[in-house]
Amino acid sequence: MSDKEIGLDELKRIQTRLLSSVHEICEREGLRYSMGGGTLLGAVRHKGYIPWDDDIDIMMPRPDYDAFIKYATEHDDVPFKVRSYETDKSYLDLSAKVYDPSTILKDDNIFGGEQIDGVGIDVFVIDGLADTYAKAVKAFRATTFKRALLVAAHWKKFFRSKTHGWHLEPVRFAMFVLSRFVNKRKLYEAIVRKYSAIDFDAVKYAAAVGGSYREREILPQEVFTSYIKLPFEDREFYAIADYDKYLGSIYGDYMKLPPEDKQVSHHTFTAYYKEQDGQ
């Protein structure tokens, strides 16, 4: 029997269960986290998923991220698996993934048709940068080229972006070609080594260096260290208290809906439950 495909509603139920599990661990262990990106926007504007979205992102300051990965990998009763460089040296993404091990994903663009574990949520790291905005921008830009190469190195083939304009396609293609000749592990380790050396709690500016919004991610560190709870679907989860500053920096007028032609998911994967023995 072939694996059973997971529909959108079930995909979201799996993701929110995972978020609930992460939330419970973070509350119990005193770890900081917040919904991030489109997930935080969805919580503020829709009290749940953005209607056309199909993923969940959270973000953690570097010290809390490191502690969370350590906890999740050292406790057998954790109801999920973690994919990160710490758990798998072949996983070279700047964000970690918490996933349901009974599921798999298939994505021809990123994975070349291979099946990997599984339906999950992304955990982005908030890294400290510097004590002034100008120095923070400089620190952020110091790895821009390396980060772009690392992203392109994950692609099994070149594909048209759903989120970037056509004028950027030649740049994306050039990065794809260059990425065929780089050592991905050395790239990853150089990026992480630079930001891990900065004390997150001792600087005034920080950002999700591995995020999608580039320098719009750079904000006062205090934005990422004060939290409230916001409703998301049928539960409440943590969000940065000054979400207005964060969402305004990333999206501008974030309460305004985008044009209908932009109301599309940018993901290209298909999700399945793994075939059970004896079925």
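**Rings, charges and a proline**

Modeller: Y49, F232 and F237 are joined into a cluster by ring pairs. Please keep in mind that this is a predicted model.

Biologist: What makes K12 a residue that lies over the face of Y49?

Modeller: K12 is 4.8 Å from the ring centre of Y49, and a charge has to be within 6 Å of the centre, as well as within 35 degrees of the ring normal, to be counted as sitting over a ring. Another such case is R147, whose charged end sits over the ring of F140 at 4.3 Å from its centre.

Biologist: How many aromatic pairs does a search of the whole structure find?

Modeller: The search finds eight aromatic pairs. One of them is formed by Y85 and Y188, with 4.6 Å from centre to centre and 40° between the planes.

Biologist: Why is the pair of Y85 and Y188 called tilted?

Modeller: Planes under 30 degrees apart would be stacked and planes over 60 would be edge-to-face, so the 40° of Y85 and Y188 leaves the label tilted. This pair links distant parts of the chain, since Y85 is in the loop between β4 (81-83) and β5 (96-99), whereas Y188 is in helix α8 (residues 184-196), 103 residues apart.

Biologist: How do you know whether Y85 and Y188 are buried or exposed?

Modeller: Buried means under 20% relative accessible area; Y85 has 11% and therefore counts as buried, and Y188, with 5%, is buried too.

Biologist: What makes the pair of Y133 and Y205 edge-to-face?

Modeller: The planes of Y133 and Y205 stand at 70°, with the ring centres 5.9 Å apart, and because an angle over 60 counts as edge-to-face, that is the label for this pair. Here too distant parts of the chain are linked, with Y133 in helix α5 (residues 133-141) and Y205 in strand β9 (residues 205-207), 72 residues apart.

Biologist: Why are Y133 and Y205 not called buried?

Modeller: Y133 has a relative accessible area of 40% and Y205 has 21%; buried would need a value under 20% and exposed one over 50%, so both residues are partly exposed.

Biologist: Which residues is P231 in contact with, leaving aside its neighbours within four places in sequence?

Modeller: With those neighbours left aside, P231 is in contact with A43, K47, G48 and E236. Among them, K47 is 184 residues from P231 in sequence, yet 5.5 Å from it in space, C-alpha to C-alpha.

Note on methods: Residues are numbered from 1 along each chain as its sequence is written. This is a predicted model: local features need pLDDT of at least 70, side-chain atom pairs count only at pLDDT 80 or more; totals for chains, interfaces and linings use all residues. Side-chain values use heavy atoms; hydrogens and water are left out. Contact means heavy atoms within 4.5 Å. Rings of Phe, Tyr and Trp (its six-membered ring) pair if their centres lie within 6.5 Å; planes under 30 degrees apart count as stacked, over 60 as edge-to-face and the rest as tilted. Helices (H or I, at least four residues) and strands (E, at least two) are DSSP runs, numbered from the N terminus. Buried means under 20% relative accessible area, exposed over 50%, partly exposed in between (1.4 Å probe, protein chains only).
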